[in-house]
Amino acid sequence: TTSYSSSVVPLILVGAGMGIFASPNRATIMSSVPSHRRGVAAAISTTLVMIGSAFSIGMVFLLFTQVMPLQTVQNIFTGSSTPTDATGFTFVPKFMDSLHLIFFISAILMLVSVIPSIMRPHLGKKFLSFLGKS
């Protein structure tokens with residue numbers, strides 16, 4: 001029941017967020033390696049992005065099946081889900097609970113992943129000066 005116009009803004013925000021992160025991230029990676037090793041660096045970077053994507057899809061399905069019955073998850077993602085009673089889709093509350101759990105765990109993983117970046121010597125000093133703890 002979601003209209004096209006109400007989907008546009010979230011999709012634009014997701015695309016803008018990816019663009020704001022991905023391009024500078026890739027530029028930083030490429031500028032940190034010698035020019036004769038940029039092909040290897042690009043391959044490793046792309047491989048890590050693909051591994052992250054595959055891991056996140058697996059994590060999403062694992063968490064969905066922890067909150068909802070496996071058959072319901074399969075029906076949702078194969079498009080064969082049907083209302084189970086006259087009031088509508090009874091799996092929606094559990095589906096939303098599982099989405100909240102997935103976003104919560106993803107946020108924790110992202111916050112934890114900031115730590116290695118801050119641990120880099122020159123970035124750590126910039127971060128501490130940003131916090132006012134020079």
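How much accessible surface does the chain have, and what share of it belongs to carbon and sulfur atoms? The accessible surface comes to about 10300 Å², and 72% of that belongs to carbon and sulfur atoms. Areas here come from the Shrake-Rupley method with a 1.4 Å probe; for residues, only the protein chains shown count as cover.

A word on the model: it is predicted, so local features need pLDDT of at least 70 and side-chain atom pairs count only at pLDDT 80 or more, while totals for chains, interfaces and linings use all residues. Residues are numbered from 1 along each chain as its sequence is written, and side-chain values use heavy atoms, with hydrogens and water left out.

The chain has five helices and zero strands, where helices (H or I, at least four residues) and strands (E, at least two) are DSSP runs numbered from the N terminus. Of its 134 residues, 12% count as buried.

Two of its residues are set out here, with buried meaning under 20% relative accessible area, exposed over 50%, and partly exposed in between (1.4 Å probe, protein chains only).

| Residue | Relative accessibility | Class |
|---|---|---|
| Val112 | 48% | partly exposed |
| Ser98 | 0% | buried |

Leaving aside neighbours within four places in sequence, Ser98 is in contact (heavy atoms within 4.5 Å) with Leu63, Phe64, Val67 and Met68.

Now to a helix pair. Helix H1 (residues 4-31) and helix H2 (residues 38-67) have axes that come within 9 Å and cross at roughly 140°. These axes are lines fitted to C-alpha atoms, for helices over the stretch in contact, with angles running from 0 to 180 degrees between N-to-C directions. On the H1 side, Arg26, Ile29, Met30 and Ser31 meet Arg38, Ala41, Ala42, Ser45 and Thr46 of H2.
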